[in-house]
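Please look through the sequence and the model shown here. The paragraphs that follow take up a few local features and the confidence behind them.

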Amino acid sequence: MILHPAGRIGLVSLLALCLFAAVAVGPSLAQSGTVGASGFPVPRFVSLKSDRVNVRVGPSRDHRIGWTFVRAGLPVEIVQEFENWRRIRDWEGSEGWVFHSLLTGRRTALVTPWESDIVTPLRQEPRSDARIVAELSPKVLSEVGECGQGWCEVSGDGFSGWIDQTRLFGVYPDETVE
């Protein structure tokens, strides 16, 4: 199909308007705390069940694979649901679709993945003046126990303690996890 230049401008404007609407409305819907097709809230954090998880550009096996995760347990945020497919977001903000059975409700978190060289104190108790029991490097994967009042109990290979909740990707600020 060949479009007249004036028609192309109209088409480009229409596409830009649709893209703007999707970007403007998308995040507000994800943050509204709706219930997805699964019956669980959207958005929410989950983790990858397998060491190999294909992320597709659309919600079916007919869509091409955008990338593949190669580490089980990584936290991802479900931002949308369509039938048995979950649109996820990783710590870098990349989004794609994953089949629901490749995800688990097990809560994990990455320590400050957005930083490259600042360590995060792990404390003995959920207080900023509590004794430091370890210093965790960025991107350390941890299991999340409970979270409340700005602190999360985390554990991993050779460590256990409390961490400032804002230093984690895998829990929301001020989220309570039991």
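**Glu77 and its surroundings**

Apart from neighbours within four places in sequence, Glu77 contacts Pro43, Arg44, Phe45, Arg87, Ile88, Arg89 and Tyr172, where contact means heavy atoms within 4.5 Å. Glu77 belongs to strand S6, which covers residues 75-82; helices (H or I, at least four residues) and strands (E, at least two) are DSSP runs numbered from the N terminus. With a relative accessibility of 8%, Glu77 is buried. The terms are set as follows: buried is under 20% relative accessible area, exposed is over 50%, and partly exposed lies in between, with a 1.4 Å probe and protein chains only.

The model is predicted: local features need pLDDT of at least 70 and side-chain atom pairs count only at pLDDT 80 or more, while totals for chains, interfaces and linings use all residues. Residues are numbered from 1 along each chain as its sequence is written, and side-chain values use heavy atoms, leaving out hydrogens and water.

The chain also holds a disulfide, defined as a pair of cysteine sulfur atoms within 2.5 Å; the count by this rule is 1. Cys147 and Cys152 are the residues joined, with an S to S distance of 2.0 Å. Their link is right-handed, with 115° about the S-S bond. Cys147 is buried at a relative accessible area of 4%, and Cys152 is buried too, at 0% relative accessibility.

As for confidence, pLDDT is the predictor's confidence in each residue, from 0 to 100. The protein chain has a mean pLDDT of 86, with 82% of its residues at 70 or more. Residues 1-31 have pLDDT below 50, and beyond near neighbours in sequence this stretch has 9 contacts in the model.
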